[in-house]
Amino acid sequence: MTSTERREPSLADQVYDRLLSDIVEGRYPLQSRLPPEEALALTCGVSRPVLRAALARLRDDGMISSRRGSGNYVARRPDRSVMQFVPLGSITDIQRCYEFRADVESAAAGWAAQRRDESDLAALEKAHKLMETSYLQQALGVDADQLLHRSIAKATKNPFFQTVLESLAQQITFGMQLSRSLTLQAAPERQAVVQAEHQAIIDAIKDQNPEAASAAMRRHIMGARDRMFVGQS
């Protein structure tokens with residue numbers, strides 16, 4: 001995602017970026033119908049199979065929806081602020097990373113709830129307090145956020161969870177920087193929501209409730225994804 005060795009974008013990638021940009025900029029308003037596929041393919045200068053691949057990605061990302069016999073409609077529009085921080089071509093990669101993290105880290109939270117010890121709980125509380133301080137200082141606090149998630153992985157007593165997070169460190173850091181940048185721009189209530197989500201994870205781990213810990217982690221990660229990309233609906 002942030003590698004200097006990114007693959008060259010395909011034609012479908014380029015069409016995806018173009019259509020998403022048009023949605024973000026309001027050229028295709030919410031709930032409006034996109035032009036017919038034949039017209040869109042002509043406008044974008046691509047074949048209909050290429051266009052359909054781009055449209056399929058937009059559907060997968062929740063940006064458009066299809067109505068049988070009627071066509072494609074704009075379902076969601078990412079916050080314009082997102083475009084200040086991330087190239088269009090990276091949006092799908094970021095979303096897929098969040099989906100993967102939701103599965104892996106929710107499992108990690110469940111195991112952490114079963115295996116945590118007092119030192120793990122102390123590490124979680126320390127990270128949470130550091131994040132609170134960051135918000136009060138209007139700082140990003142990415143290091144504190146990463147510390148919390150790494151501490152949960154460590155509490156699983158399973159090194160494979162730590163290895164996975166370390167292997168994704170670059171992508172996770174980029175996503176956290178984006179998420180926390182947008183949160184700082186938003187109303188204070190959004191910061192309170194994020195902190196409450198983290199607290200719910202910690203509480204469930206402390207209570208040794210794996211089901212609640214897994215569910216709280218999934219809500220947090222998918223909530224972060226949605227706050228960035230769902231936009232208006």
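Predicted model: local features only at pLDDT ≥ 70, side-chain atom pairs only at ≥ 80, totals over all residues.
Mentor: Residues are numbered from 1 along each chain as its sequence is written, and side-chain values use heavy atoms, with hydrogens and water left out.

Trainee: What makes a space a cavity, and how many of 30 Å³ or more are found?

Mentor: A cavity is a set of points on a 1 Å grid over the protein atoms alone where a 1.4 Å probe fits but cannot get out. The search of the whole structure finds two of 30 Å³ or more.

Trainee: Which residues are closest to the centre of the largest cavity?

Mentor: Of its 15 lining residues, they are Y98, D145, S179, H220 and A224. Lining residues have an atom within 4 Å of a point.

Trainee: Why is R57 said to sit over the ring of Y16?

Mentor: The rule asks for NZ of Lys or CZ of Arg within 6 Å of the ring centre and within 35 degrees of the ring normal. The charged end of R57 is 3.8 Å from the centre of the Y16 ring, so it counts as sitting over that ring. R67 sits likewise over the ring of Y73, at 3.7 Å from its centre.

Trainee: What share of the protein chain counts as buried?

Mentor: Buried means under 20% relative accessible area, with a 1.4 Å probe and protein chains only. Of the 233 residues, 46% count as buried.

Terms used:
1 Å grid on protein atoms, 1.4 Å probe; cavity = no way out; pocket = protein on both sides within 12 Å on 5 of 7 lines; lining within 4 Å. Points joined across faces, edges and corners; volume = space filled by probe spheres on them. Buried < 20%, exposed > 50% of the residue type's maximum accessible area, 1.4 Å probe, protein only.
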